[in-house]
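I opened my notebook today to look at one structure, piece by piece. Come along and follow my entries.

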Amino acid sequence: MGVGLQQTHRCFVVALCAFLYSSLPVSSNLVVLVKNAVSVDSDHAITLPCWLNPSQSAENLEVRWYLGKNFDDPIMLYRAKKMEVTPYQGRVEFGLKDATSGGLKTGDVSLKLLSATLKDEGDYTCYVSSDQGYDTGIVKLTVTKMGAPPILSVMWKNNVANVSCGSKGWHPEPRLRWSDQKKDLTPGGLQHSVDSSGLQSVHSWILVSDSSEVSCSVGLSDEGAKEARLLPVPPQKEESGSSAVGGWVAFGIVLSLLIAVLASLGLLYFRKRALFLGKTDKPGSDEENQKLLLKDVVQPTDLSTCITHYVNVTLEETGSPHLIIKDGKLRDKGGQYTEGQKVTCLTAIKGTPGFSSGQHYWEVSLENPSVGLKKSWWVGVTSAAIILPESDIPLTASNGFWFLSSSPDKEGSLQISTEPNLSLHVSARPQIVGVYLNYDSGELSFYNVKDKRLIASVTASFRGEVFPFFNPGIGDKAPMEILQKSVLDLSSDMTNSVDET
C-alpha cells in the first residue's frame, strides 16, 4: 500500500511539472529579432519591426520601446497585460511586422509610430523581458522630407554666365548634381545650411561660357530628385547704345542736375530713359523741365493705390551667423567687422513670398525710439534664387538687384542700384520706406510713407520670380522692421491717405 502511494505521488509530481512547463509563456532562451533600419516620409506612419524567435506569445511579457538611452522614459510600455501612459500616448501602438503576423499572440511586438516628425529620428531599442531573462534589439529610424524644386538664376559678367541653383526644405542633407545633357559638370561651389526646424538648404553655382542647356537636380536619391533646366542666353545690347543688360532698362537723373543737363542739350538723351526719379528736396529744381522729363516714361502709381495691394512680407530663415532676426526686426550682429567696411551680401536677406505677377506693396520701418534713425540699409527686390554671401558680381539692376540704399557717410542722399549708381538728394532720411512692385508693368517705386511722397521709381522687365530684398548694413545698431498690417490697419491707412489728398 505504501509503495502504491509513493508511485502515485511520483506520477502526480511528474504530471504537475509537465503541466507547469507546458504553460510557461516564454522559453528560457528569449531572443529578440529586429529590422535594423527603417525610413519614413515626414508626417507619415511607420512600423519598427521587432519579434520573438522562436515564435511564442508575448501577452504576459514586458515590452518596452525607448529612444536613445532613455530606458526610464519609454516611448511605449506594455506590462501586466496593459499599456501604460507615456508622453507619446496617442502616437504609438503595437504594429504588425508583416501582413501574415498574428500580433502579440505570435510574439510580434513591433512599434507603430504615427505622424513621424524630424524630432522622432534616432535609434529605438525594443526591450522584451520575462521571469527567465530579457533581450533587446535596436532599430534605426530615419525621417525624410522632400524639399522644394530647385530654382535657377543667372548673372552675366564678361560674357560668362554664373548660373546658381538653390533648393530648401530637405532632410536629411540632399545631393545636388549639375549636367549639360551629355555629362556631369563640376560646380564652382557647394553650400549647405540648416534652419531652426532642422530642414536643410543646398546651393551651388557653375560658370557657363557657351549657350548650352544646363540642368540642376536636387534629391535624397537619384530616383526622387527634382530637376530644373536653364539655357543661358547672353544679354543683347540695345541699338540705341544704352547699357541695359538682362532685358530691362533703368536709367535716371538727379533733379539737381537738370539745369546743367538742359544747358548741354542732354534732355533729348535722358527722355529716352525708362527711369523717373521722384521730386527731390534740393532747392532750384525746375518744374517745367520735370514735366518734360515725365513725358516719355510710365507715371508712378499713387501711394493711396499702392496701399490697397499691401502684403505682409516675412524674412526668410537662413541661419546666417551675421544677422539677428526676431519678430520681423533685422540687424547685423556687430562687433565682427572693421571700421568703414563696405556693406555686402554678408548681411543681405530675402523676404517671402516671391512674386511672378501682379501688384504688391510693403513697408519697412527704419526708426527705433531707443536707438534713433537707421543710417545704413538696402530695401528693394531681387531675382536671385540664393543670395551668395560673398561674390565679386556687382549688385546692380542688370544682375537682378533693384534697391534703394542709404549710407552713413552720405547723410544728404540716397542711392539707387542702377548702372552707374545714382544719388538722390534728400533733406532727411525716411523713417518708413514703402516699396511698390507692379510686376506686369515693370514698375518699382519707393515712397517716404510719413511724408506721403515718392522717393524714386524705376522701370524694369522682370523675368522669373522676384523677392523682397533687405540689408540692415554693418555696424548700425538701429534695426529695420518689416511692418505687418491687419485689415483694420490698412483701412485706416487708406482713409488717412485719401483725406490728405
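Here are my notes, topic by topic, on what I looked up in this predicted model.

**Entry 1: aromatic pairs**

I began with the rings and found that the structure holds twelve aromatic pairs. I looked up the pair of tyrosine 66 and phenylalanine 71: the ring centres are 5.4 Å apart and the planes make an angle of 75°, an edge-to-face arrangement. Are these two residues buried or exposed? Tyrosine 66 is buried, because its relative accessible area of 11% is under the 20% cut-off. Phenylalanine 71 is partly exposed, at 28%.

My next pair was tyrosine 310 with tyrosine 361, again edge-to-face, with 5.6 Å between centres and 70° between planes. Where do the two partners lie? Tyrosine 310 belongs to the loop between helix 5 and strand 21, while tyrosine 361 is in strand 25, so this pair ties together parts 51 residues apart in sequence. Both tyrosine 310 and tyrosine 361 are buried.

I also noted one aromatic cluster made by Tyr66, Phe71, Tyr127 and Tyr134.

**Entry 2: charges over rings**

Which rings have a lysine over them? I looked up two cases. The charged end of lysine 97 sits over tryptophan 51, 5.1 Å from the ring centre. Lysine 350 lies over the face of phenylalanine 467, with 3.7 Å to the ring centre.

I then traced an open, antiparallel sheet of four strands, in the order 12-13-17-16. Its edges are strand 12 (151-157) and strand 16 (189-194), each of which pairs on one side only. On average, neighbouring strands here are turned by 15° against each other, ignoring direction. How many bridges join strand 16 and strand 17? I found six, in the antiparallel sense. Leucine 190 stands opposite serine 204 of strand 17.

**Entry 3: backbone details**

I looked up two cis peptide bonds. One joins histidine 171 and proline 172, with omega about -5°; proline 172 is in the loop between strand 13 and strand 14. The other runs from threonine 352 to proline 353, with omega near 5°, and proline 353 lies in the loop between strand 24 and strand 25.

Serine 115 has a phi of about 50°, sits in the loop between strand 9 and strand 10, and is partly exposed at 38% relative accessible area. Aspartate 327 has a phi of about 55° and is found in the loop between strand 22 and strand 23. With a relative accessible area of 66%, aspartate 327 is exposed.

Conventions
Residues numbered from 1 in each chain as written. Predicted model: local features only at pLDDT ≥ 70, side-chain atom pairs only at ≥ 80, totals over all residues. Heavy atoms only, no water. Phe/Tyr/Trp six-rings, centres within 6.5 Å; stacked < 30°, edge-to-face > 60°. Buried < 20%, exposed > 50% of the residue type's maximum accessible area, 1.4 Å probe, protein only. Helix = DSSP H or I, 4+ residues; strand = E, 2+ residues; numbered from the N terminus. Lys NZ or Arg CZ within 6 Å of the ring centre and 35° of its normal. Pairing = 2+ DSSP bridges. Axes fitted to C-alpha atoms, helices over the stretch in contact; angles between N-to-C directions.
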